[in-house]
Structure formats: structure tokens, C-alpha cells
Amino acid sequence: MAAAATEPREAKLYGAWGSAHAAMVRNALSLKGVSYEYVEEDLDDKSEALLRLNPVHGGKVPVLVLPDGRALAESLVILEYVDEAWPERPPALLPRGDPRARAAARFWARFFYDEVSPLSREVVLADAAAERAALAREVKARMAVMEAGIAEDFPRRGGGEEEDGDGPFVHGRSPGLLDVVLGSCAAGTRVLAAVSGVEIVEPREMPRVRASVAAFDELAAGFGTTVPHEMLLARPLERKQRSRAAAA
């Protein structure tokens, strides 16, 4: 949770409005009950502090600053750090006691980062409607690959009160790394559907992904990190218009 001014802080996070990757880290910190100071950055006018903390990526967000002043960059790296730094605080983002399941979760998280996320941005920025639809269908196809992988690597199993059972999240009743990654992009998924006319995550075609996204999106609403997709859609369109005006 973002700490109030008088509360002790366990970390400091630099992020930006509308950044799904920054939202992932904010959501993970909130899940773990880690108090943190949040610094909102303007990505069109980055602060000297942010540029100094993440010079390798030119001030890319998110950046997590630890109490000793050291900084961590890249959201996926930060998510794993948060899980390892506060292991006593549930939920565990990566499965405990199962190296194969941890490796599979890391694999599919990286798949999303490398294969899905970059293409999603192309959908929003494409000028022609046909191009947006074609790109969105490719995003959907890649998400279908992820759906199949999740179903194979994390099969549903029945369970009583002592087990996770068949809850809505990837690992059952408790959210984990993949839920944080997928669910933090819920608004972005709605934006893709709005600009392309293609429903990216359909319940019948992707039941596991859809359940994870819906459940985590509802959970994240209580963290104050969600952005209405209408507002999220307006931001890249405004930037596109400014770019066109500057080029004219």
C-alpha cells in the first residue's frame, strides 16, 4: 500500500499513470502489505532523479528504491524481488516448494513480456483499422498460446478447505506472479478491444486467463491502481495527435 506521509516506508517506487508495468509492481507491493512511497513521473518530462536511478533504460519506469538507496529496474525483476524480500508475507507470488512450477510461472511471465506486451502497443498506435484488427488478432493468438500453457503447466485440481482448489487465479485461490502480470493489464486489454473491435480474452476460448484477469482486476480496484480504460485509451491517442502535429 502507498504509505501516508507519517507512516514508515519500506520502499520508494517511481511509476507513471497508465503504465501497466508500474501498476504490476504497485499491486504486488499492496498484495504483500509493503508500505511504500509512490512518486508519479511524467514520462514526457522525466525527473533528474529517475534518470539517475535508471540510466541504463533512460529513466524507464518502474524503479524501486530500497531503504539503503539502491535501485532496482524492470518490473519483472522487481516483482521477483518483492516476493523474495518479504517471503513471510502472503501470498507467495511464485509457488513455494515446487521448482518446476516456479520455472513455468517465470516462463509464461516472460512470454507475456516478450511476445504480448510489445505487440499490444502496436495495436493502439496503428493508423489503419484493418492493421489494428490484424495486430489484435495476433495478440489474441499469442494469448491463446498462454492459455494452453497455463492449462498444461498449472492443471486444475479439486481441493477442500486445506488446499487452494479451483479458485479463479492461476494457482487457485491465491493470486501469484502470473495473476499480477495478467490482471494489471486488464484495462489495457479493454483498450485493445475498443480500438480494434477484437475481443482479446473471450471466456469460452480462454477460461483460465479470463478468470485470472477478472479476479485480479476486482482485487486491484481496492489498491487504487486501476485506470478506467476510456482514460487509458485517450493518452496514446493524444500523443499520436501531437506527433502528427509536430511532423506537419
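Predicted model: local features only at pLDDT ≥ 70, side-chain atom pairs only at ≥ 80, totals over all residues.

Biologist: Rings, then. How many aromatic pairs are there?
Modeller: The count comes to three aromatic pairs. One of them is F107 with W108, edge-to-face at 4.8 Å centre to centre and with 90 degrees between the planes. W108 also pairs with F111, again edge-to-face, with the centres 5.3 Å apart and the planes at 70 degrees.

Biologist: Where do W108 and F111 sit?
Modeller: Both are in helix 4 (residues 99-125), three residues apart, which is about one turn of the helix. In general, an α-helix has 3.6 residues a turn, so residues three or four places apart point the same way.

Biologist: Are those two buried or exposed?
Modeller: Both W108 and F111 are buried. For W108 the relative accessible area is 8%, and the cut-off is under 20%, so W108 counts as buried.

Biologist: And which residues make up the aromatic cluster?
Modeller: F107, W108 and F111 form one cluster.

Biologist: Switching to charges. How many salt bridges does the structure hold?
Modeller: There are 14 salt bridges. Take E10 and R89, whose closest N and O atoms are 2.7 Å apart. That pair links distant parts of the chain, 79 residues apart: E10 is in the segment before strand 1 (11-15), and R89 is in the loop between helix 3 (75-85) and helix 4. E10 is partly exposed at 22% relative accessible area, and R89 is partly exposed at 22%.

Biologist: What about R96 and D83?
Modeller: They form a salt bridge with the closest N and O atoms 3.2 Å apart. R96 is in the loop between helix 3 and helix 4, while D83 is in helix 3, 13 residues apart. R96 is partly exposed at 45%, whereas D83 is buried at 2% relative accessibility.

Biologist: And K140 with E202, what does that salt bridge tie together?
Modeller: Their side chains meet at 2.5 Å, N to O. K140 is buried at 14% relative accessible area, and E202 counts as partly exposed at 23%.

Biologist: Which residues are joined into a network by shared partners?
Modeller: E10, E88 and R89 are joined into one network of salt bridges.

Biologist: Okay, the packing. Which residues touch the most other members of the largest nonpolar core?
Modeller: That core has 64 residues, and L29, L79, F112, M143, M146 and F154 touch the most other members. Helix 4 gives the largest share, twelve residues.

Biologist: What does F112 touch?
Modeller: Not counting residues up to four places away in sequence, F112 touches M24, S117, P118, M143, M146, V181, L182 and C185. There's also a second, separate core of seven residues, including Y14, L50, V63 and V65.

Biologist: Last topic: where is T225?
Modeller: T225 is in the loop between helix 8 (207-220) and helix 9 (229-247). T225 counts as buried, at 10% relative accessibility. The T225 side chain makes a polar contact with the side chain of N27 at 2.5 Å. Leaving aside neighbours within four places in sequence, T225 is in contact with R26, N27 and A220.

Biologist: And what does R26 lie over?
Modeller: R26 lies over the face of Y38, at 4.0 Å from the ring centre.

Terms used:
Residues numbered from 1 in each chain as written. Heavy atoms only, no water. Phe/Tyr/Trp six-rings, centres within 6.5 Å; stacked < 30°, edge-to-face > 60°. Buried < 20%, exposed > 50% of the residue type's maximum accessible area, 1.4 Å probe, protein only. Helix = DSSP H or I, 4+ residues; strand = E, 2+ residues; numbered from the N terminus. Lys NZ or Arg CZ within 6 Å of the ring centre and 35° of its normal. Polar contact = N/O pair within 3.5 Å; in protein donor to acceptor, adjacent residues only side chain to side chain. Contact = heavy atoms within 4.5 Å. Core = buried A, V, L, I, M, F, W, Y, C linked by side-chain atoms within 4.5 Å. Salt bridge = Lys/Arg side-chain N within 4 Å of Asp/Glu carboxyl O.
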